[in-house]
Amino acid sequence: MQKSVITTHILDTQRGRPAVGVEVRLFKSATASVTDPQWQSMASAATNDDGRIIDWLGTREREAGLYKLEFATGAYYAAQGLSTLYPQVDILFEIDAPTEHYHVPLLLSANGFSTYRGS
């Protein structure tokens with residue numbers, strides 16, 4: 001399996017386990033504007049048994065620009081019979097070095113989240 005040029009994973013920090021089956025959508029803005037982006041859908045997938053999505057874009061070229069990952073966290077928690085303060089988490093990030101790999105993970109709990117640029 002080829003690793004995508006953009007990858008993600010989700011760790012459910014409350015459970016200390018990967019978040020399996022979370023729907024994630026990837027978008028790219030047609031404009032460079034953070035205040036008025038025009039999102040175009042690029043890919044959609046669910047996290048695997050290790051909480052990862054590594055194969056949704058393959059190795060195809062990517063462009064510099066503004067991107068968004070949209071995590072369906074509400075459905076993930078509802079499937080466990082739990083509620084969450086954050087029914088959807090959106091992470092906007094900018095690719096300024098198109099030859100580099102961009103790994104954008106999500107550390108998730110029902111009442112908080114954080115992210116960072118991984119490797």
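I looked up the largest nonpolar core in this predicted model and found 27 residues in it, with I6, L26 and W56 having the most contacts inside it. Such a core is a set of buried Ala, Val, Leu, Ile, Met, Phe, Trp, Tyr and Cys residues joined through side-chain atoms within 4.5 Å; buried means under 20% relative accessible area, with a 1.4 Å probe and protein chains only. At least two core residues come from each of β1 (6–12), β3 (23–29), β4, β6, α1 (73–79), β7 and β9. Strand β7 gives the most, four residues. Helices (H or I, at least four residues) and strands (E, at least two) are DSSP runs, numbered from the N terminus.

I noted that residues are numbered from 1 along each chain as its sequence is written. Local features need pLDDT of at least 70 and side-chain atom pairs pLDDT 80 or more, while totals for chains, interfaces and linings use all residues, and side-chain values use heavy atoms, without hydrogens and water.

Next I checked W56. Beyond residues up to four places away in sequence, W56 touches S4, I6, V24, L26, A43, S44, A45 and L69 (contact: heavy atoms within 4.5 Å).

Then I traced the open sheet: four strands, order β4-β3-β6-β7, paired antiparallel (pairing takes at least two DSSP bridges between two strands). β4 (39–46) and β7 (89–95) are at the edges with a single partner strand each, so one side of each has no neighbour in the sheet. I found seven bridges between β6 (residues 65–71) and β7, and L69 stands opposite I91 in β7.

Last, I looked at S109, which lies in strand β9 (residues 106–109). S109 is buried, at 16% relative accessible area.

How values were computed. Buried means under 20% relative accessible area, exposed over 50%, partly exposed in between (1.4 Å probe, protein chains only).
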